[in-house]
Amino acid sequence: MTDTSLDANPGLFARLKARLLQRGEGGSLPVRDWVSVSGQPTRVMGFDQGLVWVAMALLMLGLVMVYSASIALPDSPKFANYAATHFFSRHMFSLSLALATACIVVQIPMSVWERAAPWLFVASLVLLMLVLIPHVGKGVNGARRWLPLGVMNFQPSELAKLAITLYAADYMVRKMDVKEHFFRAVAPMAVAVGVVGLLLLAEPDMGAFMVIAAIAMAILFLGGVNGRMFFLITSVLVSAFVLMVSLSPWRRERIFAYLDPWEEKNALGKAYQLTHSLIAFGRGEIFGEGLGSSVEKLHYLPEAHTDFLLAVIGEELGFIGVAIVIFAFFWLVRRLFHIGRQAIALDRVFSGLVAQGVGVWMGGQAFINMGVNLGVLPTKGLTLPLMSYGGSGILLNCVALAICLRVDIENRQLMRGGRA
């Protein structure tokens, strides 16, 4: 009842006052200082549970599909000494190590990562150099990309993706005042990416270089670099990639094979993987052949458990399975960008750029891998994040997501009035 209604009805006010006096409660009207909205108290979760569940779902589906794609490999003379569960058990070990490491990483404040970013970048450069040294780096199929560590083969390019994400975010925070000046803001970062690119192309690993360049460019753009400078850098990078392809005979052959994969020479040569990947998707149709029923994984489709895992998913789980995987990655990337925007709104620019950089990393690499599997992009040696077989890839993917989860935790602490 409002004060206006009481003034308009003095008799009603007198009766209420008399009733209160009879109860011995004095002549003042009661005031309720609380309102019961629901039986359950409102609770703010300490971390983004949706992000964790989607990432775990992709990891578990990847584990199942790696087992399905690799179970028949011991039938080949190349893997005759391997057990049927060899790749499954190694992937399980990598997954356990990655999750344990992620649980530790999520406890590390973002201020520590900000201070460590330049040193981590230097460490990644050293490892990229070490992998090129004979008898130190391990070569597979003509590429020298791994450092043998006994329990697993570590791929420095995966660490370089995380290192460039942290370094670029820290760089933009330090250069925020001069971001409108090309030579003071952009040129040093371009040199850093160029050095990484030269080391990766010497392995060679052009796919990893493309992802790293995309991460660095995205963070520069999101950090507020002048639009004209951004397009100038983009033009230089695109020209560099075109030049690398034109000067490399085997890269040119791969491009021509991609443009006409069903031509007999290409189908039996450079486009062999692509044609069998497309056959796998065609066999899967809408609902798939059923889990474990892939034919292409029976030594027709090379690298079925790594680069072409999505093709096995398409054959066994059909369009529905592929659509679910694509939607899961879309949701994951969207959520990482949301966490990043939230951090920037709370004046935590480094944390926000890191989260968005990881989103570009996951989304860009997943897009390239899916495009290669579906014949939309030329064949590149990139795995599907969180899902494909590969110890260092799974490890660094989980570490990156754990850092983003830490960003979200600190965002929530600040919004509750605490300190990050």
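This short talk walks through one predicted model, from the whole chain down to single residues.

First, the ground rules. Residues are numbered from 1 along each chain as its sequence is written, and side-chain values use heavy atoms, leaving out hydrogens and water. Because the model is predicted, local features need pLDDT of at least 70 and side-chain atom pairs count only at pLDDT 80 or more, while totals for chains, interfaces and linings use all residues.

Now the whole chain. It has 15 helices and three strands. Of the 420 residues, 46% are buried. Buried means under 20% relative accessible area, exposed over 50%, and partly exposed in between, with a 1.4 Å probe and protein chains only.

On to the second largest pocket. Its space is about 370 Å³. A pocket here is an open set of points on a 1 Å grid over the protein atoms alone, where a 1.4 Å probe fits, with protein on both sides within 12 Å along at least five of seven lines; lining residues have an atom within 4 Å of a point. The volume is the space filled by probe spheres set on the points, which are joined across faces, edges and corners. The lining has 21 residues. Nearest the centre are Ala190, Val193, Gly194, Val236 and Leu237. Which helix gives the largest share? That is α7, with nine residues. The lining divides into 19 nonpolar, two polar and no charged. Nonpolar covers Ala, Val, Leu, Ile, Met, Phe, Trp, Tyr, Cys and Pro; charged covers Asp, Glu, Lys and Arg; the others, Gly among them, are polar.

Most residues other than glycine have a negative phi, and most peptide bonds are trans. The bond from Glu203 to Pro204 is cis, with omega near -5 degrees. Pro204 sits in the loop between α7 and α8. Asp347, not a glycine, has a positive phi of about 65 degrees. Leu386 has one of about 70 degrees. Buried or exposed? Asp347 is exposed, at 67% relative accessible area, whereas Leu386 is buried, at 1%.

Definitions and conventions: Helices (H or I, at least four residues) and strands (E, at least two) are DSSP runs, numbered from the N terminus.
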